Amino acid sequence: MKRRQLFTLIGMAITSLIVAVGLPFLTPSVVVAQSNTNLLVSAAASLKDVMEEIKTIYQQSQPNVNIRYNFGASGALLQQIQQGAPVDVFISAANKQMDTLERSGQLVSDTRSILAKNRLVLIVPNNFTGVSSFNNLQDSKIKKISIGETRSVPAGQYAEQVLQKLGIYAQIKPKLVYANNVRQVLAAVESGNADAGLVYMTDAKISNNVKVVVAADEKYHSPIVYPIAVLKRSKNTQAARDFVKFLSSEQAKAVLQKSGFILP
């Protein structure tokens with residue numbers, strides 16, 4: 001009897017050991033994990049600071065969405081997209097580039113909207129005196145004037161329109177120094193490599209080394225707008241839609257306004 005009980009106890013012990021060791025293999029473990037979503041946002045260079053701030057706010061509520069920015073001249077960004085860049089969201093500094101993508105059927109049509117507006121201003125270095133209007137750009141003391149490259153930089157296209165409308169373009173054209181984007185125009189004036197430049201109001205606002213002389217009359221140039229849209233090539237369309245929607249939220253609008261952008 002004792003022998004039988006002993007074998008029974010040994011058997012129970014062995015069974016318990018097998019169950020204890022084998023249970024993890026028999027019962028699948030519950031793994032709670034959420035894969036990250038990557039979004040590539042190509043945006044006009046003048047949006048750099050404000051978009052970085054908005055990204056920080058957005059990722060507080062969406063930590064699993066990784067947003068990468070590609071900032072540059074809108075024309076250059078358009079060319080990259082046309083060459084196949086895996087862009088999810090595009091924000092240009094003019095309608096022209098977005099119109100091109102829409103005509104070729106590359107946009108998720110119901111996602112296009114105007115994110116913000118801006119103003120074009122004439123700036124000079126802080127210590128530069130004697131300039132109070134666009135007409136002063138003809139003065140001999142102004143040697144170099146920086147503007148965006150007019151083929152690909154919307155700020156340069158707006159600048160050219162203003163100078164032509166004012167009737168001074170031909171006279172000052174030999175002084176013009178072209179930059180690859182509007183932030184390079186700002187840098188040229190900040191460093192003193194240019195005596196004056198035409199940038200957006202929001203660019204002038206972030207610098208302590210330049211001063212605004214005057215804002216261009218809006219009737220002298222095309223509307224300065226920032227259209228935004230999701231691209232059909234996006235592999236994360238819903239996440240891209242959500243980000244675009246967030247950019248029209250009160251939180252995002254507050255950041256845009258603080259930075260000097262005009263809401264549509």
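Which handedness, left-handed or right-handed, does the crossing of H3 and H4 have? The crossing of these two helices is right-handed; a crossing is left-handed if the near helix is turned anticlockwise from the far one by less than a right angle, and right-handed if clockwise. The structure is a predicted model, in which local features need pLDDT of at least 70 and side-chain atom pairs count only at pLDDT 80 or more, while totals for chains, interfaces and linings use all residues. Residues are numbered from 1 along each chain as its sequence is written, and side-chain values use heavy atoms, with hydrogens and water left out.

The protein has 10 helices and 10 strands, where helices (H or I, at least four residues) and strands (E, at least two) are DSSP runs numbered from the N terminus. Of its 264 residues, 44% count as buried. Buried means under 20% relative accessible area, exposed means over 50%, and partly exposed lies in between, with a 1.4 Å probe and protein chains only. Among the contacts in the protein with a separation of 6 or more, 78% come from residues 24 or more positions apart; contact means heavy atoms within 4.5 Å.

Helix packing may be considered next. Two packed helices are described by the angle between their axes and the distance between the axes. Helix H3 (residues 74-82) and H4 pack at an angle of about 15°, with their axes 9 Å apart. H3 is therefore roughly parallel to H4. Axes here are lines fitted to C-alpha atoms, for helices over the stretch in contact, and angles run from 0 to 180 degrees between N-to-C directions. Angles under 35 degrees count as roughly parallel, over 145 as roughly antiparallel, 65 to 115 as roughly perpendicular and the rest as oblique. Ser-74, Gly-75, Leu-78, Ile-81 and Gln-82 of H3 make the contact with Gln-97, Thr-100 and Leu-101 of H4.

A second pair consists of helix H2 (residues 48-61) and helix H10 (residues 250-258), which pack at an angle of about 155° with their axes 10 Å apart. H2 and H10 are therefore roughly antiparallel to each other, and their crossing is right-handed. On the H2 side the contact is made by Val-50, Glu-53, Ile-54 and Ile-57, and on the H10 side by Gln-251, Ala-252, Val-255, Leu-256 and Lys-258. Val-255 of helix H10 counts as buried at 5% relative accessibility. Leaving aside neighbours within four places in sequence, Val-255 is in contact with Val-50, Glu-53, Ile-54 and Ile-57. The C-alpha atoms of Val-255 and Ile-54 are separated by 7.0 Å, although the two residues are 201 residues apart along the chain.

In soluble globular proteins, nonpolar side chains tend to be buried together. A nonpolar core is a set of buried Ala, Val, Leu, Ile, Met, Phe, Trp, Tyr and Cys residues joined through side-chain atoms within 4.5 Å. The largest one has 70 residues, of which Ile-91 and Tyr-226 touch the most other members. Beyond its neighbours within four places in sequence, Ile-91 is in contact with residues including Val-41, Leu-47, Met-51, Leu-115, Tyr-226 and Leu-247. Another core, of 12 residues, lies apart from it and includes Leu-77, Ala-85, Phe-90 and Leu-231.

The whole structure holds 8 salt bridges, a salt bridge being a side-chain nitrogen of Lys or Arg within 4 Å of a carboxyl oxygen of Asp or Glu. Asp-99 and Arg-112 form one of them, at 2.8 Å from N to O. Asp-99 lies in helix H4 (residues 95-103) and Arg-112 in the loop between H4 and strand S4 (113-117), so this pair ties together parts that are 13 residues apart in sequence. Asp-99 is partly exposed at 27% relative accessibility, and Arg-112 is partly exposed at 21%.

Asp-110 forms a salt bridge with Arg-241, with the closest N and O atoms 3.0 Å apart. Because Asp-110 lies in the loop between H4 and S4 and Arg-241 in helix H9 (residues 237-246), the pair ties together parts that are 131 residues apart in sequence. Asp-110 is exposed, with a relative accessible area of 55%, whereas Arg-241 is partly exposed at 30%.

The side chains of Asp-203 and Arg-183 also meet in a salt bridge, at 2.6 Å from N to O. This pair links Asp-203 in helix H8 (residues 201-205) to Arg-183 in helix H7 (residues 182-191), 20 residues apart. Both residues are buried, and Asp-49, Arg-183 and Asp-203 are linked in a network of salt bridges.
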